[in-house]
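The sequence and the model are shown first, and the description follows.

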Amino acid sequence: MKRWMIFFGMILVISCTVKEESENPNPDIPKSLLSQEQLDFIEAYHYITYNLSPTSFGSSANERWEDSIRIYIHGSTFYPYNGDFQGRIDEFNQLMTNGSGVILVNSLVEANVQLFYGNREDLESIWPDMFNLTTSSQKGYATYTTNSKSEITSGRIWVKYSELGLFTHEFGHVLGLGHADSGLCGETIEASMSMMCSNAPNNFYELDKNIIKALYTPRIPVGKTFEAVRPVLEEMLLDGTIQP
């Protein structure tokens with residue numbers, strides 16, 4: 001049975017918690033071989049990809065797309081023809097090497113992800129459930145569904161503005177990412193270091209790119225616990241596949 005994973009969309013107040021330290025479960029790779037920057041990346045990957053933020057649901061397994069992501073855009077006709085928007089899609093595609101990837105489609109029948117660009121008031125006629133879950137202060141929201149294998153199979157995104165950072169943040173949720181923790185999120189956009197901070201900075205940071213690259217690598221199967229994933233992350237860091 002499909003289950004809905006509902007994220008709190010863009011909020012004005014950041015509500016993240018301090019991450020916890022974890023032990024290295026792989027005795028074949030001594031912790032001393034990893035730099036502090038690499039260890040910090042592993043902690044950020046764990047927090048974001050397993051949705052450990054208090055505003056999220058927490059997951060015991062990594063979740064991602066195995067099929068292509070086919071986006072249909074409702075609302076303004078300007079948004080899909082924005083060159084920066086297509087450029088951001090291309091960036092995602094370069095990072096997703098597990099055989100999935102992102103394309104834009106021209107009809108709802110072809111789509112497995114819907115993107116609505118417009119005011120919240122207009123959202124009510126399309127997705128009344130999402131309208132009821134949002135408030136007037138919010139700028140975006142995203143939901144997705146998974147199957148029994150932890151594969152993401154569909155998603156919906158609402159963005160109020162054509163800000164590239166806002167789309168990137170909400171699309172990150174549909175890719176399987178939760179909010180970043182408070183150590184990465186400053187009080188201002190300029191002080192934040194992840195696209196998954198609640199204030200949705202416009203930058204697509206190297207941290208985010210590396211997390212998506214690791215989540216969507218064929219070296220790590222979908223539906224695995226963090227304990228099973230961590231040794232592969234360590235190998236990817238040590239062989240230079242991931243360079244934080």
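## Helix 1 and its surroundings

Helix 1 is followed by Asn51, whose phi is positive, near 50°. The model is a predicted one, in which local features need pLDDT of at least 70, side-chain atom pairs count only at pLDDT 80 or more, and totals for chains, interfaces and linings use all residues. Residues are numbered from 1 along each chain as its sequence is written, and side-chain values use heavy atoms, with hydrogens and water left out.

Helix 1 covers residues 36-49 and reaches 20 Å from its first C-alpha to its last, close to the 20 Å expected at 1.5 Å a residue; the expected span is 1.5 Å times one less than the number of residues. Of its 14 residues, 11 are buried, so helix 1 is largely enclosed by the rest of the structure. Buried means under 20% relative accessible area, exposed over 50%, and partly exposed in between, with a 1.4 Å probe and protein chains only. Among the buried residues of helix 1 are Leu39, Phe41, Ile42 and Tyr45. Their cover includes helix 6 and helix 7 (226-238).

The buried residues include Phe167, His169, Phe171 and His173. Just after helix 5, Gly176 takes a positive phi of about 115°.

Where do Cys185 and Cys197 lie? Cys185 and Cys197 form a disulfide, with their sulfur atoms 2.2 Å apart; a disulfide is a pair of cysteine sulfur atoms within 2.5 Å. Both cysteines are in the loop between helix 5 (164-174) and helix 6 (206-215), 12 residues apart. The table gives the accessibility of each cysteine.

| Residue | Relative accessible area |
|---|---|
| Cys185 | 10%, buried |
| Cys197 | 0%, buried |

## The protein as a whole

The secondary structure comes to 7 helices and 7 strands. These are DSSP runs numbered from the N terminus, helices being H or I of at least four residues and strands E of at least two. Along the sequence they follow the pattern β-α-β-β-α-β-β-α-α-β-β-α-α-α.

Of the 244 residues, 54% count as buried. The protein exposes about 11,000 Å², and carbon and sulfur atoms supply 52% of it; accessible areas come from the Shrake-Rupley method with a 1.4 Å probe.

Note on methods
Contact = heavy atoms within 4.5 Å.
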